[in-house]
Amino acid sequence: MSVDVDSIRYILAIESSCDETAAAVIDSDLEVRSSVIASQYELHRDFGGVVPEIASRAHVRRILPVIDESLKQAGIALDDVGAVAVATQPGLVGSLLVGLTAAKTLALVLDVPLIDVNHIEAHIYACRMAAGRDVFPAIGFVVSGGHSNIYDCTSPIDFELIGSTIDDAAGEAFDKVAQILDIGFPGGPAIQRVAEKGNPKAIRFPRTFLKEDRLEFSFSGLKTAVLYTVKGVPGSHKEPEPLTEQRIADIAASFQAAAVDVLAGKCEQALKQRGRDRLCVGGGVAANALLRQQLEKMTHRNGVELHVAPMALCTDNAAMAAIAWEHLKRGRFAELDLDVTPGLVRQKR
Ligand code: KG4
Ligand code: ZN
């Protein structure tokens, strides 16, 4: 396909990697003309987590209305779309396929380029969009329901994965602890709300740093420690303290403090290891107020420039797929046989 990139004014971006069906229109100045998100929160709430098959079916029903609405809000017609971007990795296979099929069909019918977007890289790129200027090279940190990944980002398209979790992702830990405490789903916002009335020093939960020189996270020990605090240690005759409202708040606050200490600590380690002076943070857990505070303190202490994605771009959305412009400018288009990659691609792309 011969493409005159300079003549393209709008990218239509599609996101369906997990449980949000989203579409956005981003113009060539990286201005977000529309960003529509249909959340499936109410469909998964009773299960305490995202059910993949329910998610895919809901995407099928919602994808076209969401795309229509994004064009309407942007005030453009389908013919104005100059390229179609779609998140193809990582995520739930069925969910990703819905977005990819819609994107391929549009690219084929409109005869415009198709651009492959990595959802995690897009989370980091949200910082670039908010900054309104180049923010690379930087350490990129994505803390979401599915990932706790640290990247060394040498440019807007070169992301080297240098750290991840060996068990639960940070958001997953928030969600599971909220489930243990029975305070709601998704867990992150619930923990943050309940923790406001709690004492973060009430219980000294473990901070798992693993090996100092390794940029890996592990949250399963912390989650188990919360479980034992609530239900009692198996085999022990000691009864757990009654779960009063105050006790729940204290546990939530103490858990949040422990999780945030580790998240901020590993970022500091990554910055030092790679000698970077910029940190870009995105993903759902980046909405956490304590994490934001702690990252501010840590970066200030180290003379590091901090970029945290604005709230609207933290949780899943299609606007962050504006990273597609970087690929477009470099002539990196996908073919129509593009497939989804549900797992995390570890090697440098
Ligand atoms: O990025 P995201 O919307 O979806 C994934 O790609 O996973 O992240 C969702 C995660 C959930 O686990 C949710 O509990 C967490 O982000 N989250 C938070 C907060 N808001 C959302 N975690 C901690 N504090 C918050 N305020
Ligand atoms: Zn995400």
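The structure is a predicted model, in which local features need pLDDT of at least 70 and side-chain atom pairs count only at pLDDT 80 or more, while totals for chains, interfaces and linings use all residues. Residues are numbered from 1 along each chain as its sequence is written, chains are lettered from A and ligands numbered from 1 in the order in which they are written, and side-chain values use heavy atoms, with hydrogens and water left out. The chain holds 11 helices and 11 strands, taken as DSSP runs (H or I, at least four residues, for helices; E, at least two, for strands) and numbered from the N terminus.

**Overall dimensions and surface**
- Along the principal axes, the C-alpha atoms fill a box of roughly 70 × 45 × 30 Å.
- Of the 349 residues, 55% are buried (under 20% relative accessible area, 1.4 Å probe, protein chains only).
- Of the contacts (heavy atoms within 4.5 Å) with a separation of 6 or more, 73% are made by residues 24 or more positions apart.
- Carbon and sulfur atoms account for 51% of an accessible surface of about 15200 Å², computed by the Shrake-Rupley method with a 1.4 Å probe.

- In strand β2 (residues 20-27), eight of eight residues are buried.
- In a regular strand, side chains alternate between the two faces of the sheet.
- Both faces of β2 are covered, with E20, A22, A24 and I26 on one side and T21, A23, V25 and D27 on the other.
- Strand β1 (residues 10-15) pairs with β2 in the antiparallel sense over six bridges (pairing requires at least two DSSP bridges), and I14 has A23 as its bridge partner in β2.
- Seven bridges link β2 to strand β3 (residues 32-39), also antiparallel, and E20 is partnered by S39 in β3.
- Four residues separate β2 from β3 in their hairpin, where L30 in the turn has a positive phi of about 65°.

- Seven of the eight residues of strand β7 (residues 148-155) are buried.
- Strand β6 (residues 138-143) runs antiparallel to β7 with six bridges, and V142 stands opposite N149.
- β7 is joined to strand β8 (residues 158-165) by five antiparallel bridges, with L161 in β8 as the partner of Y151.
- The hairpin of β6 and β7 has four residues between the strands, and that of β7 and β8 has two.

Notes: Buried < 20%, exposed > 50% of the residue type's maximum accessible area, 1.4 Å probe, protein only.
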